[in-house]
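Subject: Model for your files, with notes on helix packing

Hello,

Here is the structure I said I would pass on. My notes follow below it.

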Amino acid sequence: MSDRVMTAAQAMYEGVVQEMERDDTVFCFGIGVDDFKAFYGTTKDLHKKFGPDRNFDTPLSEDAMTGFAIGAAMAGYKPIHCHIRMDFLLLGMNQLVNIAAKARYMYGGQVSVPIVVRSVIGRSWGQGAQHSQGLHGLFMHIPGLKIFAPSTPYDHKGCLIAAIRDPDPTIIVEHRMVHQQRGHVPEELYTVPFGRSRVLQQGKDITIVAISYMAIEAMRAAALLEEAGVSAEVVDPVSLAPLDVDGITASVEKTGRLLVVDTDWTICGAAAEIAAAVMERHPVPFKRMGYAPVPCPTTKNLENLYYPNPKTIAETAYQLVHGKPRTFTAPEATEIIEFKGPF
């Protein structure tokens, strides 16, 4: 493992620069990619380094711009389309679902659509019902779309490079509170494979599968559980479509219990799919955690109740292990706020 430490945002920036240097068909566009904040710092000065034809701002026309990306991809380019919030992908659903995801199938493999769709999700102060949604469960439902949801800087760089090189459309789910998390990242080019999960911590009593920023929260919950005598294995799916069901099931076979924590609603979501897929192979006691079943709130006190956190994750896991409700009250974990907002 490299001893270089950087943020997830810096890792993505390094990855896109290296791929744009390696392949002149790669270009990056989207709202704010060439401004001073540079999409959380991940596209900083790309227009100066590679020219305005390869990194440029766009109008507020997500449907049209997605169509532009698809056309460019079919013509042999590799566009990276940056959406400052996943909520805005809904404006390009027809292009993504009915064209990008289906073109290879409908044309018998003669057409590829190698687009990368970067979309930001997650809590933060004041984002509210229309700017905080995690909609990856919607896209997992669509054959032909691939989905990454990385939680570490290493995976942010490797997933981006893998997505750029893949012939199919890929959505990268980026949580805004992960962008400033720090970790080890190799300088050289590398890819993270689709369909392979990552065990972040070994354990024997319960498997906690945690998606995106919830992987960080689950690691903090595991520390609380360790103090209570519970050994939690934390698994980051990394790739949501395709999903590493075999790898996750192998962990559950070892621990005998499953808790899936998502940064999305649980109804018909990624957590439901993971739980169902594992139960078909190896039934065990399990639970899901995610958003409360209402629109995302704006106020800080409601946000604190709305999202899973280390305390609620630890208490739920403890109850699964011991089968007795309210036998363990976890201490309040100090909240780590990396996002500086509002963008």
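How are helix 9 and helix 13 oriented to each other: oblique, roughly parallel or roughly perpendicular? Please keep in mind that this is a predicted model.

Helix 9 and helix 13

Helix 9 covers residues 213-227 and helix 13 covers residues 310-322. Their axes lie 8 Å apart, and the angle between them is about 55°. Angles of 65 to 115 degrees count as roughly perpendicular and those under 35 as roughly parallel, so helix 9 and helix 13 are oblique to each other. Their crossing is right-handed. On the helix 9 side the contact involves E217, A218, R220, A221, L224 and L225, and these meet P310, K311, I313, A314, A317 and Y318 of helix 13. Sorted by class, this contact has 9 nonpolar and 3 charged residues, with no polar ones.

Helix 10 and helix 11

The second pair is helix 10 (residues 245-255) and helix 11 (residues 270-281). Here the axes come within 10 Å and cross at roughly 65°, so the two helices are roughly perpendicular to each other. The crossing of helix 10 and helix 11 is also right-handed. Helix 10 contributes V245, D246, I248, T249 and V252 to the contact, while helix 11 contributes I274, A277, V278 and R281. By class, the contact of helix 10 with helix 11 has 6 nonpolar residues, 2 charged residues and 1 polar residue.

Regards

How values were computed
Residues are numbered from 1 along each chain as its sequence is written. This is a predicted model: local features need pLDDT of at least 70, side-chain atom pairs count only at pLDDT 80 or more; totals for chains, interfaces and linings use all residues. Side-chain values use heavy atoms; hydrogens and water are left out. Axes are lines fitted to C-alpha atoms, for helices over the stretch in contact, and angles run from 0 to 180 degrees between N-to-C directions. Helices (H or I, at least four residues) and strands (E, at least two) are DSSP runs, numbered from the N terminus. Angles under 35 degrees count as roughly parallel, over 145 as roughly antiparallel, 65 to 115 as roughly perpendicular and the rest as oblique. A crossing is left-handed if the near helix is turned anticlockwise from the far one by less than a right angle, and right-handed if clockwise. Contact means heavy atoms within 4.5 Å. Ala, Val, Leu, Ile, Met, Phe, Trp, Tyr, Cys and Pro count as nonpolar, Asp, Glu, Lys and Arg as charged, and the others, Gly among them, as polar.
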